[in-house]
Amino acid sequence: MTLAQQLAHTLGRSRRDFLRDAAGLVVGSSLLSASPLVRGAVAQKKRKTIVITFGGGARDQETFAPEGRENIPNLLKELIPQSSFFTQVVNQGILGHYVATASLATGVYETLNNFSAVPPQHPTVFEYFRKDLHRPLSDAWVVAPSNGFNRIGESDYRSFGPGMGARVVLPKHLLGAAMSGSATDYDHLLRDNYETPLYAPQLAGGEFELQQLEMILKLSVDDFKAHARTVSSPDELSMFIARRLMHQESPSLLWITMHDIDIAHAGAYSLYVDAIRRTDRLCAEFWKAVQSEPEYAGNTTLFILPDFGRDGDQDSGGNGFQHHRTGDVASRTTWMMALGAGVRPGVVYDHPMQSIDLVPTLGAMMGFSPSLCRGKVIQELV
Ligand SMILES: [Zn+2]
């Protein structure tokens, strides 16, 4: 075992012990698989899968450790007791949000430039899903935080690619279009990303048009603007759009990328912690909303995982919580929870796995073959 593996193992262990104490989870053995009873009760054709990426990376000090527990009451009390929780998910790729989220979606560590409007290099989960299962365009959707994620719905891989992937809705872009450039009260919702003010690509073609706000989401521009006035953050706006999508389109594969926590780059610790608390609340509210949608109640599996972590306080190359640039164990060793249909509740697993294991696991659960991905199926979920 390398030193990094030992440190990741220690981190996974401490999360495991924390969850056992704080949420009453039992420690699972790797032989324990999802309950056949629960699995059999879910008709394959109706099954829905939702992936939420948890906000751009938070550290254990502010989440899964005794001093962080006050920031995640909803996860601890509501969601985690229903979950299979994996405490050692290692990201061995590039720690930029677009490239890392693209890697989660392809099951390959992508090497594209994080700050460029390019598609993933390998087929996405949306392409495998739609191609293998012959699903229409309306059955796979992505809700994403910034213009830089505009291309995440489909790769340019030969025999997959254009027309085969997911539609991408960018709530901030939509709001910007609704405001049509006028001076607004919405500046707190419209900032494109938190890492660099230098990269905010202009979109041309292929994006979600305003007419579709009315045609697909059944939302008038005025209603959308009025609702936006009531929300406190971009992620809250994203969750509103995701709920409209579930209600109007009922996609079987829905991917929501949250990003508020990444405001940490601005250096204000209180804003970072506020964002963790908000993300915790939004995840629990969203799961309740899922249960209130007839198309989703009882037949939906939800995955929540960060794209990666944030720097620890010890590494002299970093600046603590603010960034994720050292590549240290804290910034690479993250977690994943799965809950709902087909998932054994209340179990925590601490064996090592990788961020790229999500796609093959989704394939095994939903019945498609992600032939080019490089991760492994998580046996406890299939
Ligand atoms: Zn970031």
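Me: How many aromatic pairs does a search of the whole structure find?

Reply: This is a predicted model. The search finds 13 aromatic pairs in it.

Me: Why is the pair of Phe-86 and Tyr-349 called stacked?

Reply: Check two values. The ring centres are 5.1 Å apart, and the cut-off for a pair is 6.5 Å. The planes meet at 15 degrees, and stacked means under 30 degrees. So Phe-86 and Tyr-349 are a stacked pair.

Me: What makes this pair a tie between parts of the chain?

Reply: Phe-86 lies in strand β3 (residues 83-90), and Tyr-349 lies in strand β9 (residues 347-349). Those parts are 263 residues apart in sequence, so the pair ties them together.

Me: Are these two residues, Phe-86 and Tyr-349, buried or exposed?

Reply: Buried means under 20% relative accessible area. Phe-86 has 0%, so it is buried. Tyr-349 has 1%, so it counts as buried too.

Me: What makes Tyr-269 and Phe-321 edge-to-face?

Reply: The angle decides. Their planes are 80 degrees apart, and edge-to-face needs over 60 degrees. Their centres are 5.1 Å apart, which is within the 6.5 Å limit for a pair.

Me: Where do Tyr-269 and Phe-321 lie?

Reply: Tyr-269 is in helix α11. Phe-321 is in the loop between β7 (300-305) and α12 (329-332). The parts are 52 residues apart in sequence, so this pair ties them together.

Me: Why is Tyr-269 called partly exposed, while Phe-321 counts as buried?

Reply: Tyr-269 has a relative accessible area of 41%. Phe-321 has 13%.

Me: Which residues form one aromatic cluster?

Reply: Phe-54, Phe-64, Phe-85 and Trp-335 do.

Me: How do you know that Leu-3 is exposed?

Reply: Its relative accessibility is 60%. The cut-off is over 50%, so Leu-3 counts as exposed. Leu-3 is found in helix α1 (residues 3-23).

Me: What about Ser-250: buried or exposed?

Reply: Ser-250 has 14%. That is under 20%, so Ser-250 is buried. Ser-250 is found in the loop between α10 (234-248) and β6 (253-257). Leaving aside its neighbours within four places in sequence, Ser-250 is in contact with residues including Lys-48 and Tyr-296.

Me: How do you know that the charged end of Lys-48 sits over the ring of Tyr-296?

Reply: The charged end is 5.2 Å from the ring centre. The limit is 6 Å. Lys-131 lies over the face of Phe-160, at 4.5 Å from the ring centre.

Me: What are the protein donors of the zinc ion?

Reply: The donor residues are His-97, Asp-262, His-265 and His-324, and the donor atoms lie 2.0 to 2.3 Å from the zinc ion. The cut-off for a donor is 2.8 Å. Their spacing along the chain is H-x164-D-x2-H-x58-H. His-97, in helix α4 (residues 97-106), and Asp-262, in the loop between β6 and α11, are 165 residues apart. Both His-97 and Asp-262 are buried.

Me: Which members of the largest nonpolar core touch the most other members?

Reply: Among its 63 residues, they are Ile-50, Ile-52, Ile-80, Phe-224, Ile-256 and Phe-286. Helix α11 (residues 269-292) gives the largest share, nine residues.

Terms used
Residues numbered from 1 in each chain as written. Predicted model: local features only at pLDDT ≥ 70, side-chain atom pairs only at ≥ 80, totals over all residues. Heavy atoms only, no water. Helix = DSSP H or I, 4+ residues; strand = E, 2+ residues; numbered from the N terminus. Buried < 20%, exposed > 50% of the residue type's maximum accessible area, 1.4 Å probe, protein only. Contact = heavy atoms within 4.5 Å. Core = buried A, V, L, I, M, F, W, Y, C linked by side-chain atoms within 4.5 Å. Phe/Tyr/Trp six-rings, centres within 6.5 Å; stacked < 30°, edge-to-face > 60°. Lys NZ or Arg CZ within 6 Å of the ring centre and 35° of its normal. Donors = N, O, S within 2.8 Å, 3.2 Å for Na, K, Ca; no water.
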